[in-house]
Amino acid sequence: MKRLGIISYNMPHLKTEQLILNLHSRYELAVYALPFVNRPERCVLFQHRPNQLQAAHPREICKRFNIPFISAKCDEDIENGLDFYLIAGAGILTEKCLQGKQILNGHPGVIPAVRGLDAFKWSIYRMKPLGVTLHYIDKNVDAGQIISIVPTPIFPSDSLETLARRHYENEIRLLSNFETEMTAPNNPYQGIEGCESTRRMKLCQEEELKKKFELYKQRYCK
């Protein structure tokens with residue numbers, strides 16, 4: 001059985017809960033829980049991801065399944081020696097942490113066209129295709145070697161909320177089946193134009209996004 005590290009936060013975290021429950025029977029897991037820095041709440045027009053705090057604490061889940069739970073003071077405390085590491089939640093990792101590890105991330109945007117924060121929103125705002133990218137982590141933001149990209153299906157009756165929910169589910173499914181994607185990689189967006197890494201979207205831009213959504217669906221519904 002391969003050894004897999006899940007890098008996350010030392011707090012209740014939905015994505016972490018989902019990955020542990022999906023992967024614990026297939027891998028020898030270890031969970032590395034990093035400190036979480038609270039940020040001021042932001043006013044947004046719509047939430048494009050489920051509330052990540054509505055989850056069990058990863059320590060409790062690990063105890064149930066006899067999984068090592070390592071409370072790390074910083075990312076340099078994450079040991080080498082596992083076959084793979086998955087990002088469930090983390091800030092930008094230090095170069096020292098990256099050395100000697102195969103660290104994979106599921107970015108909720110088509111790299112390199114959509115990099116950085118609020119990828120779901122920026123994909124629609126910039127009229128870019130919607131998909132989740134499995135890639136290696138390196139020192140640059142969402143710029144590591146691409147392994148595979150899985151498009152998110154879009155339907156004529158979608159609202160922003162239904163599409164955001166399906167996109168998040170695509171992200172969880174991709175990470176939960178990362179080895180399958182590594183065995184049979186796919187990238188339908190070869191040669192797509194790149195962009196700089198994005199920050200959180202402003203309210204005025206979200207208003208524009210909502211106005212563009214019907215046109216976006218017309219372009220990408222197939």
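In the predicted model, the buried residues of helix H5 are Leu160, Leu163, Ala164, Arg166, His167, Tyr168, Asn170, Glu171, Ile172, Leu174, Leu175 and Ser176. Because twelve of the 17 residues of H5 are buried, this helix is largely enclosed by the rest of the structure. From its first C-alpha to its last, H5 reaches 24 Å, close to the 24 Å expected at 1.5 Å a residue.

Helix H7 comprises 18 residues, 203-220, and its first and last C-alpha atoms lie 24 Å apart, close to the expected 26 Å. A bend of about 45 degrees occurs in H7 at Lys212. The buried positions of H7 are Gln205, Glu206, Leu209, Phe213, Tyr216 and Lys217.

Helix H1, formed by residues 14-23, is likewise mostly covered, with seven of its ten residues buried. These are Leu14, Lys15, Thr16, Glu17, Leu19, Ile20 and Leu23. The buried residues of H1 pack against several elements: the strands S1 (3-9), S2 (28-34), S4 and S5 (103-107), together with helices H2 (58-64) and H5.

Strand S4, which covers residues 84-87, contains Phe84. Phe84 counts as buried because its relative accessibility is 9%, which falls under the 20% limit for burial. When residues up to four places away in sequence are not counted, Phe84 touches Lys2, Arg3, Leu4, Gly5, Gln102, Leu104, Phe178, Glu179 and Met182. Among these contacts, Leu4 and Gly5 fall within the residue range of S1, and Leu104 within that of S5. The C-alpha atom of Phe84 is separated by 19 Å from that of Ile149, a residue 65 positions away along the chain.

Key: Residues numbered from 1 in each chain as written. Predicted model: local features only at pLDDT ≥ 70, side-chain atom pairs only at ≥ 80, totals over all residues. Heavy atoms only, no water. Helix = DSSP H or I, 4+ residues; strand = E, 2+ residues; numbered from the N terminus. Expected span 1.5 Å × (residues − 1). Bend = angle between axes of the 7 residues up to and from the residue. Buried < 20%, exposed > 50% of the residue type's maximum accessible area, 1.4 Å probe, protein only. Contact = heavy atoms within 4.5 Å.
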